[in-house]
Amino acid sequence: MILAGFIDVENSHLAIFKQEKGNLPAVAEQNLPSQEYSSLEKLVDDFFKKVNFKKEDINVACFGIAGPVVGGRGEMANIEKWPTITVQGLSDFLDCPAVDLLNDMVAMGYATPILPTDKLLDLNSSVSSQAGNATLIAAMGKGLGELLLYWDHDEFRPSPSEGGHTNFAPRNELEIELLRYLLGKGSRKVVSYEQLLSWPGLVNIYNFLKESKRGSKESSELRKRLMSTEDPATVITEIALANEDALCTQALDLFVSIYGAVAGDLALHYFAVGGVYLGGGIALEIKDKLSDGTFMQAFTEKEGKFAKFNADNMPVKVILEPDVVLLGAARRAKKMVGLE
Amino acid sequence: MILAGDIGGTKTHLGIFKCEGNKVISLLDKKYESQNYQSFGKLVQDFVAFVKQSSLTTADKYIGVACFGMAGPVKTETDGQRSCQMTNIPNWPVIKETELSQLLKVEPVVLLNDLEAIGYGISQLSEKDLVELNRGIPQAGNRAVIAAGTGLGQVMLYWDGNEHHPSASEGGHANFAPSGDDELQLDLLRYLRKKYQGKVGFERVLSGPGLENIYDFLRDSGKYGKESAELAKRLDNRAQLISEMALSGKNALCSKALDVFVSIYGATAGDFALHSFAVGGVYIGGGIAPKILEKLRDGTFMQAFKAKEGNSAQLNADIPVNVITNPEVGLLGAAWRGVKT
């Protein structure tokens with residue numbers, strides 16, 4: 001049997017798959033609250049109990065984790081009490097030699113190229129993918145993940161990126177003011193895309209539009225709602241998608257436009273004629289907004305002939321599969337035992 | 001033997017190479033003025049004739065493969081063949097692998113983008129071809145090349161655990177991201193938005209014409225001193241003069257322009273390193289870097305390279321950064337790519 005997991009800060013999603021070729025549904029799966037365990041091993045142990053499987057059933061395992069993985073060692077980005085996760089430790093615990101540990105973006109990269117078309121929303125449908133690199137850009141809860149899928153003329157190879165931490169490139173006077181606003185907050189010397197394209201980033205954009213008076217006035221009703229929630233980004237998004245408040249709509253519009261601009265830059269950096277994929281929870285939540293034209297306008301707003309270059313060569317697709325990290329970890333596991 | 005070439009908008013450098021172990025060795029080479037020929041085919045036929053008349057042995061004259069790095073976008077057609085339209089020689093017909101193959105009676109012929117050729121050339125360099133800007137901690141992993149010259153070229157080198165594979169990039173046309181401790185680069189962006197209808201890519205600041213743009217912005221702002229009489233008279237190749245006057249310390253305006261240029265160069269190289277996760281090293285190529293070496297080494301470049309948020313500052317501080325001083329890196333790379341067919 002194959003054990004695969006997406007280990008996230010709040011919730012972890014584990015599943016067991018049959019050791020067979022193809023896209024088979026899981027034979028067992030469970031969501032578990034990560035913070036209630038003291039280590040990944042404890043979490044996996046509890047998973048086995050809940051789904052009535054044993055370690056001995058597992059022949060190969062792979063986990064995608066929300067944190068960096070270097071040389072077989074991974075650190076969960078926001079669970080400090082967990083010890084370092086190691087391939088060796090997991091291998092000993094499962095008594096199984098075939099174990100791998102991936103960053104969640106890398107895991108996503110294993111599943112993305114084989115997603116069926118009904119799990120993708122096409123934003124540039126006149127363009128079909130060419131043989132060449134692809135890229136993933138995922139605005140997630142707290143961060144902005146990027147990944148290169150290097151095309152080796154036979155298959156895609158995930159190659160990690162830290163591009164979410166590159167400098168924000170403002171495109172107009174409004175965005176220059178946004179950059180100045182964020183530089184003025186705290187002791188920041190640089191403003192990266194992650195400070196804009198994440199849930200806290202959306203709140204940054206909202207606050208900028210409000211405080212600079214570049215956006216509409218904040219209604220007292222909205223102020224109350226935002227004061228009483230722990231998750232202002234979700235509130236702003238819901239209201240914007242329902243078109244109930246001008247300021248929220250402006251904030252989400254600017255968010256989506258910056259998302260399009262950076263995705264267009266990434267397409268140029270990686271020469272991603274194989275496809276630009278938008279992943280992560282935020283893209284999924286705002287998929288209707290992503291397809292209203294704002295994103296693609298920014299994606300193709302490049303200098304000289306590169307406007308047309310991006311429009312005519314880059315397939316752009318939103319990933320609609322919520323379990324893409326889990327499926328990627330499972331695919332990696334299948335590759336490890338020669339099933340792919 | 002390998003016929004290799006570095007095909008530029010102004011100059012073309014062709015050579016015959018042999019391979020020993022992991023290195024290519026030049027047997028014969030010649031430089032040409034590209035614009036003196038009506039087509040690339042005619043130019044390369046001239047060289048083949050030159051090789052035939054040379055004193056090379058019959059065995060050394062036998063060309064088994066040809067590979068060219070082109071200053072222009074290389075497209076892959078649906079049949080897998082590659083073709084290229086040279087960027088600055090519009091009167092040359094489109095260059096196609098199949099047509100060159102028939103003309104030269106050589107199979108295979110491989111066309112590469114000039115930056116890809118530099119990417120292949122990295123493995124052919126030795127210590128004497130490099131000047132270190134940051135020692136860092138060398139690791140096995142991806143590499144990145146950024147090269148400001150006539151334009152801004154980038155290429156990343158994907159590490160497959162065994163060797164590096166150059167992967168083309170058009171990141172030089174991504175949106176310019178101003179940085180720095182003051183608002184100078186924000187004003188530069190505002191200035192260039194007016195000049196370029198609102199769209200400003202990195203190449204508008206990181207190239208010969210880019211240095212001129214930075215200079216013009218500083219001059220027009222009136223805050224950084226007066227334009228020298230010599231520069232005011234100069235109409236073409238001002239970038240060369242600006243960098244010379246900056247390095248000699250003769251003109252404050254030029255010095256400031258080069259300082260801003262190098263700071264943006266560092267910040268952009270640092271961003272490309274993050275995009276590429278280039279823990280295997282960053283290489284500064286192109287025609288400008290070897291001319292401004294002392295300025296690149298004064299700390300401005302690396303300070304901007306490392307000025308990233310959070311952990312990314314340390315990630316970049318650990319990356320080895322080197323300037324490529326061998327102008328033949330592209331030719332060597334084309335030859336090495338020829339070996340690998």
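How many residues does helix α9 of chain B have, and how far does the helix reach from its first C-alpha to its last?

## Helix α9 of chain B

In this predicted model, helix α9 of chain B spans residues 252-276 and has 25 residues, and its reach of 36 Å from the first C-alpha to the last is close to the 36 Å expected at 1.5 Å a residue. The helix is mostly covered, since 21 of its 25 residues are buried, a term that here stands for under 20% relative accessible area.

Both ends of this helix have features that can be located in the model. At its start, a side-chain oxygen of B:N251 reaches to within 3.0 Å of the backbone nitrogen of B:L253, and the residue that follows α9(B) is B:F277, whose phi is positive, near 50 degrees.

## The interface of chain A and chain B

The contact between the two chains involves 42 residues of chain A and 46 residues of chain B, and the area buried between them is about 3,700 Å², with carbon and sulfur atoms giving 54% of that area. Across this interface there are 22 residue pairs in polar contact, both residues of each pair being at pLDDT 80 or more. On the chain A side, β11 (144-151), β12 (156-161), α4 (173-184), α8 (246-270) and α12 (306-313) each supply at least two of the residues that touch chain B. Helix α8(A) gives the most to this side, with six residues, and by class the side of chain A that touches chain B has 17 nonpolar, 11 polar and 14 charged residues.

The count of salt bridges between chain A and chain B is five. One salt bridge is formed by B:D181 with A:K189, where the closest N and O atoms are 3.6 Å apart. B:S179 is found in the loop between β12 (164-169) and α5 (184-195) of chain B. This serine counts as buried because its relative accessible area is 15%, below the 20% cut-off. Leaving aside residues up to four places away in sequence, B:S179 touches A:N167, B:Q185 and B:A267.

## Helix α4 of chain A

Helix α4(A) has 12 residues and reaches 16 Å from its first C-alpha to its last, close to the 16 Å expected at 1.5 Å a residue. Its buried residues include A:E175, A:I176, A:E177, A:L178, A:L179, A:Y181 and A:L182, and the buried residues of this helix pack against α5 (199-211) and α8 of chain A together with α5 of chain B. At the start of α4(A), a side-chain oxygen of A:N172 reaches to within 3.2 Å of the backbone nitrogen of A:L174, while just after the helix A:G186 takes a positive phi of about 65 degrees.

## Salt bridges

Side chains of opposite charge can pair when their charged atoms come close. Over all chains, the structure holds 36 salt bridges. A:R171 forms one with A:E175, the closest N and O atoms being 2.5 Å apart, and both A:R171 and A:E175 are buried. The side chains of A:R180 and A:E177 also meet in a salt bridge, at 3.1 Å from N to O. Because A:R180 and A:E177 are three residues apart in helix α4 of chain A, they are separated by about one helical turn. A:R180 counts as partly exposed, at 32% relative accessibility.

In helix α12 of chain A, A:D312 and A:K308 lie four residues apart, about one turn of the helix, and their side chains meet in a salt bridge at 2.5 Å, N to O. A:D312 counts as partly exposed at 40% relative accessibility, whereas A:K308 counts as exposed at 55%. Elsewhere, salt bridges that share partners join A:E173, A:E177, A:R180, B:E183, B:D187 and B:R190 into one network.

## Backbone exceptions

Most residues other than glycine have a negative phi, and most peptide bonds are trans. A:N243, which is not a glycine, has a positive phi of about 60 degrees; this residue lies in the loop between α7 (232-241) and α8 of chain A and is exposed, with a relative accessible area of 60%. A:F271, also not a glycine, has a positive phi of about 50 degrees; this phenylalanine is found in the loop between α8 and β13 (275-279) of chain A and is partly exposed, with a relative accessible area of 24%.

In chain B, a cis peptide bond joins B:E107 and B:P108, with omega at about 5 degrees, and B:P108 is found in the loop between α3 (97-104) and β8 (109-113).

Key:
Residues numbered from 1 in each chain as written. Chains lettered and ligands numbered in written order. Predicted model: local features only at pLDDT ≥ 70, side-chain atom pairs only at ≥ 80, totals over all residues. Heavy atoms only, no water. Expected span 1.5 Å × (residues − 1). Buried < 20%, exposed > 50% of the residue type's maximum accessible area, 1.4 Å probe, protein only. Polar contact = N/O pair within 3.5 Å; in protein donor to acceptor, adjacent residues only side chain to side chain. Contact = heavy atoms within 4.5 Å. Buried area = accessible area lost by both parts, 1.4 Å probe. Salt bridge = Lys/Arg side-chain N within 4 Å of Asp/Glu carboxyl O. Nonpolar A, V, L, I, M, F, W, Y, C, P; charged D, E, K, R; others polar.
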